[in-house]
Amino acid sequence: MKKGLLLVLGASAAFSLFAQAPQTPKIAGCRMADLNLKKAGNPDNSGNFFASASAMDRHPNQVAPLAEGTMFTSSYNAFTLLVSQSHMLYANQALSAVLFTHRMSRDWPADANVGSGYIEYSWTTDFGATWDSSYYQDQAVLANKAFRYPTGAILNPTGNTSVANAYSVSTGPWTNSATSGNSWLGYYANYQKMMNGATMNTTVFTVSTPGSAIQYFPRIGSQVVNDSTYWVTSSLYNDPASTTNPGLRGAGLMKGTYSMGNMVWTFDSIKPSVHHDGSGNADMYS
């Protein structure tokens with residue numbers, strides 16, 4: 001009896017172990033990464049998907065990618081930005097245009113006396129094959145105001161299809177050119193028609209001037225809304241003129257509104273309720 005019971009228990013245990021054993025998944029063999037965007041299906045098809053796409057499949061303005069890069073400019077700052085939230089590249093689909101806003105290069109051929117604080121707009125309407133440019137001067141000759149780290153966008157308020165009737169807009173901080181950037185004293189805003197040349201439609205704000213918004217570095221998340229307003233955020237301080245304890249309060253909100261060929265600049269703020277440290281400063285990073 002005991003022997004028969006053991007045989008039954010042994011068979012039962014073996015069946016239970018078999019039932020609980022994990023099933024070996026069916027795994028396909030390794031596949032080579034498809035770096036050429038080949039069509040799915042025939043593994044021997046080496047045709048490029050983009051090249052073989054029919055005209056109906058493509059966007060009407062889409063062209064084949066350039067075989068190699070096109071050198072069109074450089075920036076006086078090695079990477080032209082300090083934080084990744086700055087927008088130096090901006091596209092407008094209606095204009096088929098891409099804009100690059102940056103500190104002007106010494107390689108600019110149109111002005112032999114270019115200053116290191118000049119800001120340049122470079123744009124293309126043929127997917128990077130050719131580029132055009134315009135620029136605006138800093139005010140280093142006026143109280144040593146040298147422009148730095150711009151962010152920019154394309155404003156097309158009347159819905160034109162030509163960049164010559166659109167506007168490039170940019171903002172950024174300025175520093176004392178006599179002290180080589182050891183002090184940040186204000187910010188600037190510029191707008192101009194997207195045409196080759198130079199303009200001075202530039203407004204310069206000094207944080208210590210009564211009436212100026214107490215903000216620094218308007219360069220974060222610049223954006224155009226409804227092709228009529230330009231928005232950008234910055235750091236908001238209690239006393240930005242202080243070199244030891246400026247007191248971060250939140251974010252500044254800078255708005256440029258297009259009106260009859262002019263940009264009107266207004267300001268607002270975002271002041272979140274946060275914990276403050278022992279010296280009274282907000283425990284947050286700009």
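Two rings of Phe, Tyr or Trp (for Trp, its six-membered ring) make an aromatic pair if their centres lie within 6.5 Å. Keep that in mind for the views below, which come from a predicted model.

**View 1. Aromatic pairs, with Tyr216 and Phe217 as an example.** The structure holds 15 aromatic pairs. One of them joins Tyr216 and Phe217, edge-to-face, with 6.4 Å from centre to centre and 75° between the planes. Both Tyr216 and Phe217 are buried. These two residues also belong to an aromatic cluster, together with Tyr149, Trp184 and Tyr237.

**View 2. Strand 11 beside strand 12.** Here strand 11 meets strand 12 (residues 229-237) in the antiparallel sense, over six bridges. To find your place, look for Ile220, which stands opposite Thr233 in strand 12.

**View 3. The rings of Tyr230 and Trp265.** The ring centres of Tyr230 and Trp265 are 6.0 Å apart and their planes are at 85°, so this pair is edge-to-face. Because Tyr230 lies in strand 12 and Trp265 in strand 14, the pair ties together parts that are 35 residues apart in sequence. Tyr230 counts as buried because its relative accessibility is 0%. Trp265 is buried too, with a relative accessible area of 13%.

**View 4. A charge over a ring.** Lys145 places its charged end over the ring of Trp174, 5.3 Å from the ring's centre.

Note on methods. Residues are numbered from 1 along each chain as its sequence is written. This is a predicted model: local features need pLDDT of at least 70, side-chain atom pairs count only at pLDDT 80 or more; totals for chains, interfaces and linings use all residues. Side-chain values use heavy atoms; hydrogens and water are left out. Two strands pair if DSSP finds at least two bridges between them. Helices (H or I, at least four residues) and strands (E, at least two) are DSSP runs, numbered from the N terminus. Rings of Phe, Tyr and Trp (its six-membered ring) pair if their centres lie within 6.5 Å; planes under 30 degrees apart count as stacked, over 60 as edge-to-face and the rest as tilted. Buried means under 20% relative accessible area, exposed over 50%, partly exposed in between (1.4 Å probe, protein chains only). A charge sits over a ring if NZ of Lys or CZ of Arg is within 6 Å of the ring centre and within 35 degrees of the ring normal.
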